[in-house]
Amino acid sequence: KYENIRVCTVFETQGGEADFIILSTVRSLPESRLVEDPTKSWKEEHIGFLTDEHQMNVALTRAKHGLLIIGNEKLLSYCTMWKNLITRYKRDQCLMNKADAKKAFFLKAKTVS
């Protein structure tokens, strides 16, 4: 049992903080379903509230010491705010792809066991 772990929505975090946060953006699509020039309604359907900059400000500013974001880079990049954030994380070498994450997290977990 993990007593010090809290699972909640972005809406529930307003006004609160945590030492570390894992933010799952939940939304994903296979590359074959991504479109070249998405309409606003396409973005609303496939990216949803993640395009709301006020809600994302809440989500991204609650962590005191560390923030891990899990999401589909290509899908999130359709939103200007996410595209800018992803570009910055790439520049600062803070972005991991699926293969890098597997190496970093799953291989370490095996050695710790």
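**Exercise 1.** How much space lies in the largest pocket? Describe its lining as well.

*Solution.* The model is predicted, so local features need pLDDT of at least 70 and side-chain atom pairs count only at pLDDT 80 or more, while totals for chains, interfaces and linings use all residues. Residues are numbered from 1 along each chain as its sequence is written, and side-chain values use heavy atoms, with hydrogens and water left out.

Step 1. A pocket is an open set of points on a 1 Å grid over the protein atoms alone, with protein on both sides within 12 Å along at least five of seven lines; lining residues have an atom within 4 Å of a point. The volume is the space filled by probe spheres set on the points, which are joined across faces, edges and corners.

Step 2. The largest pocket holds about 930 Å³ of space. Its lining comprises 29 residues, and Ile69, Ile70, Gly71, Leu95 and Met96 are the closest to the centre.

Step 3. Two or more lining residues come from each of β2 (63-70), α4 (73-76), α5 (80-91) and α6 (98-112). These elements are DSSP runs numbered from the N terminus: helices (H or I) of at least four residues and strands (E) of at least two.

Step 4. The lining divides into 18 nonpolar, six polar and five charged residues. Here Ala, Val, Leu, Ile, Met, Phe, Trp, Tyr, Cys and Pro count as nonpolar, Asp, Glu, Lys and Arg as charged, and the others, Gly among them, as polar.

**Exercise 2.** Which element gives the largest share of the lining of the second largest pocket?

*Solution.* Step 1. The second largest pocket has about 630 Å³ of space. Among its 23 lining residues, Arg6, Val7, Cys8, Ile21 and Ile22 lie nearest the centre.

Step 1. Both α1 (10-13) and β1 (18-24) give two or more residues. The largest share, seven residues, belongs to β1.

**Exercise 3.** How many aromatic pairs does the count come to?

*Solution.* Step 1. Rings of Phe, Tyr and Trp (its six-membered ring) pair if their centres lie within 6.5 Å; planes under 30 degrees apart are stacked, over 60 edge-to-face, and the rest tilted. The count comes to two.

Step 1. Phe11 and Phe49 form a tilted pair, 5.8 Å centre to centre with 35° between the planes. Phe11 lies in helix α1 and Phe49 in the loop between α2 (40-46) and α3 (53-60), so the pair ties together parts 38 residues apart in sequence.

Step 2. The ring centres of Trp42 and Tyr78 are 5.2 Å apart and their planes stand at 75°, so this pair is edge-to-face. Trp42 belongs to helix α2 and Tyr78 to the loop between α4 and α5, 36 residues apart.

Key: 1 Å grid on protein atoms, 1.4 Å probe; cavity = no way out; pocket = protein on both sides within 12 Å on 5 of 7 lines; lining within 4 Å.
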